[in-house]
Amino acid sequence: MLLNQLSILSHPERMRVFRLLMRRCPDAVPAGEIARVLDLKPSTTSAYLSALSGAGLIDQQRDGTSRHYAVRLAGVRGLVGDLFADCCNGRPDLCPPGLVAPSGDTDSARDGKQNVLFICTGNAARSIFAEAIMRDAAGDRFNVFSAGTNPQPRLNPMAVEMLRQKGLDTATLRAKHLSEFQAADAPVMDFVFTVCDAAANEECPPWHGQPISGHWGLPDPVKATGTDAEKRLAFQSAYGAIRNRIVAFAALPMETLTRASLQHEVDAIGQTKDET
């Protein structure tokens, strides 16, 4: 099985499909979206997905007539375990320390706070909501940042209006490009969350410090149509969903969780139903 899995992943295009699903993990992504994001023909996408599924690396789910695909974590765990035990003779010095260390064993944690980054495409609404909410709810324990892969020139007016109505400080909020947090002198992140599918679909360089990552995808309220009241309802829904996730995250006993346990909790929070 190990050799077959390595052979499947050695194909650059199949690896692109696998990496996309890893970035969206634990979400199940429609086959059509995978083809669109990676600019692949439907037949080619189907062949790649079939190969990955046959190798035990992804699972297929049906939603009506549509097929969705998600990473099979047990299969990937088996691949990594076999590679470590069989090929690498179980040498612990080959395993990066950040992969096995407790979540609290970071430079920023020893300084008293952990660094958290929220990412979406425009950095004008959802990630700005997350930054403001978490800074207000847990700013004593976390340094909070947000950024966009293609930031808008200004924050969305309805998003700013809603934050002010909630009594949250908006004075320091601004749209920022993700590159600000990838520079050599940028803060080392302990957690990186994507809050929109489009941002998670994009490939980014590995983060320094091996932060815990999570995908908390939410519909973009900026794209809501209809009356102003209907648009505000979309912003209220996004705000409530983000707040629920952040409250759950901030309540986690960080100091007692291993990285694996914390990753599981982060994934579970991302799968919670969006209720305002």
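This report describes selected features of a predicted model, from its strands and helices to its aromatic rings and backbone.

## Basis of the model

Because the model is predicted, local features need pLDDT of at least 70 and side-chain atom pairs count only at pLDDT 80 or more, while totals for chains, interfaces and linings use all residues. Residues are numbered from 1 along each chain as its sequence is written, and side-chain values use heavy atoms, with hydrogens and water left out.

Strand E6 covers residues 191–194; strands (E, at least two residues) and helices (H or I, at least four) are DSSP runs numbered from the N terminus. Both faces of E6 are covered, since Phe191 and Phe193 on one side and Val192 and Thr194 on the other are all buried, where buried means under 20% relative accessible area, exposed means over 50%, and partly exposed lies in between, with a 1.4 Å probe and protein chains only.

E6 pairs with E4 in the parallel sense over four bridges, and E6 also pairs with E7 in the parallel sense over four bridges; two strands pair if DSSP finds at least two bridges between them.

## Helices H8 and H10

Two packed helices are described by the angle between their axes and the distance between the axes. The axes of helix H8 (residues 157–165) and helix H10 (residues 228–250) come within 10 Å and cross at roughly 65°; axes are lines fitted to C-alpha atoms, for helices over the stretch in contact, and angles run from 0 to 180 degrees between N-to-C directions.

In the contact, which means heavy atoms within 4.5 Å, Met158, Ala159, Glu161, Met162 and Leu163 in H8 meet Asp228, Lys231, Arg232, Phe235, Gln236 and Tyr239 in H10. These residues divide into six nonpolar, one polar and four charged; Ala, Val, Leu, Ile, Met, Phe, Trp, Tyr, Cys and Pro count as nonpolar, Asp, Glu, Lys and Arg as charged, and the others, Gly among them, as polar.

## Aromatic rings

The structure holds 11 aromatic pairs; rings of Phe, Tyr and Trp (its six-membered ring) pair if their centres lie within 6.5 Å, and planes under 30 degrees apart count as stacked, over 60 as edge-to-face and the rest as tilted. The rings of Phe129 and Tyr239 have their centres 5.5 Å apart and their planes at 85°, so this pair is edge-to-face. Phe129 lies in helix H7 and Tyr239 in helix H10, so the pair ties together parts that are 110 residues apart in sequence. Phe129 is buried at 0% relative accessibility, and Tyr239 is buried with a relative accessible area of 7%.

The rings of Phe193 and Phe249 have their centres 5.2 Å apart and their planes at 80°, so that pair is edge-to-face. Phe193 in strand E6 and Phe249 in helix H10 are 56 residues apart, and their pair links distant parts of the chain. One aromatic cluster is formed by Phe118, Phe142, Phe191, Phe193, Trp216 and Phe249.

## Backbone details in the loops

A cis peptide bond, with omega of about 10°, joins Cys25 and Pro26, and Pro26 lies in the loop between helix H2 (12–23) and strand E1 (29–30). Asn123, in the loop between strand E4 (114–120) and helix H7 (126–138), has a positive phi near 50° although Asn123 is a residue other than glycine, and Asn123 is buried at 0% relative accessibility. Gln210 also has a positive phi near 50°, and Gln210 is partly exposed, with a relative accessible area of 31%.
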